[in-house]
Protein chains: 4
Amino acid sequence: MSIRTGIVGISGFGGGEALRLIAAHPAFELVYAAGDSTAGSRIADRFPGAPHGLADLVIEKWDPEALPELDLLFASLPTGASAEALARVPGSVRIVDIGGDHRHVDGWAYGLADVWPERIAGQRRVANPGCFPAAALTALAPLLTEGLIAPGTIVIDAKTGVSGAGRGGGDGFGYATTNENLQPYGLLKHVHMPEMETTIGLLSGGSAAGLVFTPHLVPMTRGLLVTMYCRGQATTAQCRDAARAFYADRPFVRLSDAPPQTKWAAGSNLCFVHYAADPARDLVMALGVVDNLGKGAAGQAVQNANIICDLPETTGLAGMPVWP
Amino acid sequence: MSIRTGIVGISGFGGGEALRLIAAHPAFELVYAAGDSTAGSRIADRFPGAPHGLADLVIEKWDPEALPELDLLFASLPTGASAEALARVPGSVRIVDIGGDHRHVDGWAYGLADVWPERIAGQRRVANPGCFPAAALTALAPLLTEGLIAPGTIVIDAKTGVSGAGRGGGDGFGYATTNENLQPYGLLKHVHMPEMETTIGLLSGGSAAGLVFTPHLVPMTRGLLVTMYCRGQATTAQCRDAARAFYADRPFVRLSDAPPQTKWAAGSNLCFVHYAADPARDLVMALGVVDNLGKGAAGQAVQNANIICDLPETTGLAGMPVWP
Amino acid sequence: MSIRTGIVGISGFGGGEALRLIAAHPAFELVYAAGDSTAGSRIADRFPGAPHGLADLVIEKWDPEALPELDLLFASLPTGASAEALARVPGSVRIVDIGGDHRHVDGWAYGLADVWPERIAGQRRVANPGCFPAAALTALAPLLTEGLIAPGTIVIDAKTGVSGAGRGGGDGFGYATTNENLQPYGLLKHVHMPEMETTIGLLSGGSAAGLVFTPHLVPMTRGLLVTMYCRGQATTAQCRDAARAFYADRPFVRLSDAPPQTKWAAGSNLCFVHYAADPARDLVMALGVVDNLGKGAAGQAVQNANIICDLPETTGLAGMPVWP
Amino acid sequence: MSIRTGIVGISGFGGGEALRLIAAHPAFELVYAAGDSTAGSRIADRFPGAPHGLADLVIEKWDPEALPELDLLFASLPTGASAEALARVPGSVRIVDIGGDHRHVDGWAYGLADVWPERIAGQRRVANPGCFPAAALTALAPLLTEGLIAPGTIVIDAKTGVSGAGRGGGDGFGYATTNENLQPYGLLKHVHMPEMETTIGLLSGGSAAGLVFTPHLVPMTRGLLVTMYCRGQATTAQCRDAARAFYADRPFVRLSDAPPQTKWAAGSNLCFVHYAADPARDLVMALGVVDNLGKGAAGQAVQNANIICDLPETTGLAGMPVWP
């Protein structure tokens, strides 16, 4: 089977990772690539290691009304840039939007694939979660659905590699000042908070009104860790049991015995979850690790695409993480 | 004035930073250096950039009963290695112990220099705080003394560069696996917790029994950030006012308007503190940044030595951070 | 077809990369793993992202006389450790030795796969080139065979990521002192020189007696670049034409228009070659880039294994490099 | 003595390092700072660790005709931006130009301070060498003046940290794509070549017509190494003797026994030189290490300023390198 596939936003890091995954995918055939800053280049001009079969594909200027015949489109556009444009893509084209415009929007399934595959199956429009929510919600879901933590008490201390800021991150992400530097930002008001509040509410049936979320920029290219502190009386064993049951059949979530390291997930679609609780302190800790460009972006997008194309979920995603 | 000064533990990172600071200090004259793994080497063999005046000093095997005439000794030994040995140093020698054996121990002042200089002045034995407590307690002290947070509710999410693990950190800190990796460790039970609990109790008059502390190893050589979440009804302005008043005359603490970055402190003895509060969420956030080898080790040690030697506190410590 | 495959030396970086490639290989089935320092562990204990099918395989203590039935063995042992042991492996087992003991040794094909596939096909014993020779010789081969450079005049200025030193690299490769540091070593006498001299002689029919080789340790985990300066009157166009012809049908060698960057090859089996010449200065420059664990170790090993197992050379090796 | 000092280009990395050194200098008093992108900010807005005495100095828009009364001006402007503007600075102001416009220009001393202090003393206009020439020429000078190498045969393989590209380096220097990447550039035609050719000619009395220079961008913030290959029949001992004699009284050049590492010089004005020769291969290798912002920019600028202000050369520059 060959599924005619396109990528828009291929010059960004999320789009580039989608290219890498699609190039190795046995069913998705890349027939269209678009990107504003790179339009007119060949794939090989931007990705010197592209396979010979894709090297000469010319990157187009993005125009949703001038698409070739497509079965599937991955969109990796800056926030605000996809809502209007994707509305003009023919309904026959399945879309996975890696960008932020369609999360918890009517007509779009929210693609938290390890948690809600059944809500995604059969859809034609899927909104990929943000990278921070992908890690946080995957680790929290078993606790929230089992009522092991109070949904209004969650503190998320998040750390991400620099590629999360995207290729257009600008001066603030220059090597000389980002290296050997750890930078907290967005205190009390990060853009990902509403997405997490909504999802926490859906998972728990309660309110996440007290949510606290603090992202930090870590001097590394890839990798994302959330360290979460919640109030609750559950034991570590109860948390682990809940996660083991919740993810019993899910191929990409790994419950780890030791606190997970970001490099464990590098280049993969895996999500590592870990729990540590102390009832005496009314404390449940939940940790989640993903590659921000893998499960946090293109990996989960391919997983979602597999689901809506009725392919086995792991198709093209079984590769081991890169170590070291 | 020349103060005859020694360093024991010069082969470690803390001892090496002490050497750098002492070499630039106008009153401390290095006359003795000891270190087990490097005994017999010249200073210049281990520190190729040492000034000519120190280059030929030979590193001795550490023997507290065979010291030359000394006024001041900096000890930077592994935990457990200094208690017995330093007891054998003549009482006439002032000691600053960078290691962990004498914190909150009778007969030793606890050298949280920016907070309690008056407890340090006039002492002959000072125990330097650990690197995590140095950052955390300096940021918390104004809040605790003013009663702006509940002392039993503090969550410390801490991040440190790799030099915090010391030169003898071993295989776990090899470049290939530490680079591009972020590693949480010591969940619920880190060795620095009792030191922090005791100090929080002293500062607040209350109990820190609910303290939560989670360190993370960040792929950078130097730098340490604590992101702290406390319950309290104070506003950001109240926290800032408290810190401004508390540190009005203190030369090394900077209240920053923006969330501080670790590189701001690189190579210096500065501590940056920052606050953000939201009464609606019953939340007070306090952030502290230090160089783990500066204020977190050798910088604070030199500050303590200045205090006990009746020198201006900033002597030899006024250098700007290295940027970028 | 399922080829029963083993790895010895799985705890090292080369062995670990072999595992990653074999796990994704459609014909090689991993049935045996051995490693001294990790014997007794499960694969998943050391590689948390291993696929479920391999997770429970127990790592054995290496004993060449207690092998299960194997068709193929990858050996990634320290120099000096494989010569005697591999001699005791049954002759029916095909072996690719990633280590250094069998290069240019009787009875072993020298596995410079992009250059000499025909010498490898049909063999049962292949010695993988070292990582520096892999990059250098692949870039030089077209020039040497066409006589475009004088073989006795080659200066190789080489730069490698830290994983090239192996997991057992020891204290010299700790993060704190390796980061933000560039280290030349082995001036005039590196261990890889004889291998390169011999191969240059074979390719050119001349003597490489004047060869100069200087490796440098670069603060990055993966990646290897050789910048080579040779005497010759060829033009850039002649060099490029020679390489284009030489590698016309070879799938893994890319002639690049711009100077190649190490990250272009990350995680892949690609080798990028580039040429720049100036007859007025009697100068031909040749550059080669590989991933030291890919084409420089496990990638080329799998390529060699494909060749000796009569599989298409690119089987399991077609993945795009990881970017960024 | 107080020397009224200004910096133009303070927003760049070279200007920022000049600020750090001047802040610690006992004779230079900073009274003026200018920078286009940061005009209107206070020093503390851009440099959070600035000492209290400098924190409130406002950065001016650069206007050479609206200077306050100055004794000394450090200029760190992009190439092409200083020639015309500095001509309008009053002749009474001593100028050290860190930028590239005045190297080997009439009326400007070439500030290769360790080699030619006597040409600098008494001047009012000094052009600082480029960062690559600073390292290369300091290592080559003893060999060239003693005739130990053939001046027309020098191959310079150079490696620099990313701060060498300056703060305005742009997209090419973003963290995500620069990290874990080693990038050669400017093959056969780098902008620093004429400066080096001219200086080599002056030092040797011969022609450097065959000079080859290849820079590489290394994933580190600071540090610069040149690995140089020359033809010559000198022995290692002869090269070392020549360097030892040449730099007998010079405070900042260190002849090292082992190949020098870039981190040895971090944050300092030191230059490490090292030699290895093999007459049988007609080869003399010379290595030089500097901090590209220290001896390669602001450190050497302060050294030059000390010389032209009749201060001891090491004033304000005696600090040990930062390690680790």
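Modeller: Let's begin with one pairing: Thr227(D) has Leu287(D), in β13(D), as its bridge partner. This is a predicted model, in which local features need pLDDT of at least 70, side-chain atom pairs count only at pLDDT 80 or more, and totals for chains, interfaces and linings use all residues. Residues are numbered from 1 along each chain as its sequence is written, chains are lettered from A and ligands numbered from 1 in the order in which they are written, and side-chain values use heavy atoms, leaving out hydrogens and water.

Strands β10 (residues 224-231) and β13 (residues 283-290) of chain D run antiparallel and are joined by 8 bridges. Strands (E, at least two residues) and helices (H or I, at least four) are DSSP runs numbered from the N terminus, and two strands pair if DSSP finds at least two bridges between them. In chain D, the order β8-β9-β7-β10-β13-β12-β11 makes an open sheet of 7 strands with mixed pairing. Its edges are β8 (183-184) and β11 (253-255) of chain D; each has a single partner strand, so one side of each is left without a neighbour in the sheet.

Now the single residue. Asn128(B) sits in the loop between β6 (125-127) and α6 (131-145) of chain B. Asn128(B) is buried, at 0% relative accessible area (buried means under 20%, exposed over 50%, partly exposed in between, with a 1.4 Å probe and protein chains only). Its side chain makes a 2.9 Å polar contact with the side chain of Asn304(B), and a polar atom of that Asn128(B) side chain lies 2.7 Å from the backbone oxygen of Ala297(B). A polar contact is a pair of N or O atoms within 3.5 Å; within protein, one must be able to donate a hydrogen and the other to accept it, and residues adjacent in sequence count only if both atoms are side-chain atoms.
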